[in-house]
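Me: I have a sequence and a model open side by side. Please show me how to read the features one by one.

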Amino acid sequence: MAYVISDDCISCGACAAQCPAEAITEGDSHFEISADACLDCGACADQCPVEAISAE
């Protein structure tokens, strides 16, 4: 089960900096997580200041 980023994302990049799989990239409106690359570790969710990341 991969993590996902909601529309609440403020595009700060804190999650991308913490992702050990480099599965997070900047999308058109906010950052996005590649479900295929996500390790389900939760490191990104712990860093999100607006709690926009959750398990799918």
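Reply: Start with cysteines. A disulfide is a pair of cysteine sulfur atoms within 2.5 Å. This is a predicted model. A search of the whole structure finds zero disulfides.

Me: Now the fold. How many helices and strands does the chain have?

Reply: Two helices and four strands. Next, read their order along the sequence. The pattern is β-α-β-β-α-β.

Me: What share of the contacts links residues 24 or more positions apart?

Reply: Among contacts with a separation of 6 or more, the share is 56%.

Me: What about burial and surface?

Reply: Buried means under 20% relative accessible area. By that cut-off, 32% of the 56 residues are buried. The accessible surface of the chain is about 3500 Å². Carbon and sulfur atoms account for 42% of that surface.

Me: How should I read the nonpolar core?

Reply: Begin with the general idea. In soluble globular proteins, nonpolar side chains tend to be buried together. Here the largest nonpolar core has 15 residues. Those touching the most other members are Ile5, Cys15, Ile24, Ile33, Cys44 and Ile53. Strands E1 and E3 each supply at least two residues of this core.

Me: Which residues does Cys15 contact, leaving aside its neighbours within four places in sequence?

Reply: Ile5, Ile24, Phe31, Cys44 and Ile53.

Me: Next, backbone angles. What should I look for in phi?

Reply: Most residues other than glycine have a negative phi. Two exceptions deserve a look here. Ser11 has a positive phi, near 55°. Glu22 also has a positive phi, about 50°, although it is not a glycine.

Me: Where does Ser11 lie?

Reply: In the loop between strand E1 (3-5) and helix H1 (14-18). Ser11 is partly exposed, at 30% relative accessibility.

Me: Is Glu22 buried or exposed?

Reply: Exposed, with a relative accessible area of 70%. Glu22 sits in the loop between H1 and strand E2 (24-26).

Me: His30 lies in a loop too. Is it buried or exposed?

Reply: His30 counts as buried, at 10% relative accessibility. Its loop runs between E2 and strand E3 (31-33). For a residue like this, ask what its side chain meets. The side chains of His30 and Asp7 are joined by a polar contact of 3.1 Å. Beyond neighbours within four places in sequence, His30 also touches Ile5, Ser6, Cys9 and Ser11, among others.

Me: Take another residue in the E2–E3 loop, Asp28. Is Asp28 buried or exposed?

Reply: Exposed, at 85% relative accessible area.

Me: Last, how do I use C-alpha distances?

Reply: Asp28 and Ile53 are 25 residues apart along the chain, and their C-alpha atoms are separated by 17 Å. Glu26 and Leu39 are 13 residues apart in sequence, with 18 Å from C-alpha to C-alpha. Glu26 is in strand E2 and is exposed, at 60% relative accessible area.

Me: What is the C-alpha separation of Ala35 and Cys12?

Reply: It is 20 Å, for two residues 23 apart along the chain. Ala35 lies in the loop between E3 and helix H2 (43-47). Ala35 is partly exposed, with a relative accessible area of 48%.

Key:
Residues numbered from 1 in each chain as written. Predicted model: local features only at pLDDT ≥ 70, side-chain atom pairs only at ≥ 80, totals over all residues. Heavy atoms only, no water. Buried < 20%, exposed > 50% of the residue type's maximum accessible area, 1.4 Å probe, protein only. Contact = heavy atoms within 4.5 Å. Areas by Shrake-Rupley, 256 points an atom, 1.4 Å probe, with all protein chains shown as cover. Polar contact = N/O pair within 3.5 Å; in protein donor to acceptor, adjacent residues only side chain to side chain. Core = buried A, V, L, I, M, F, W, Y, C linked by side-chain atoms within 4.5 Å.
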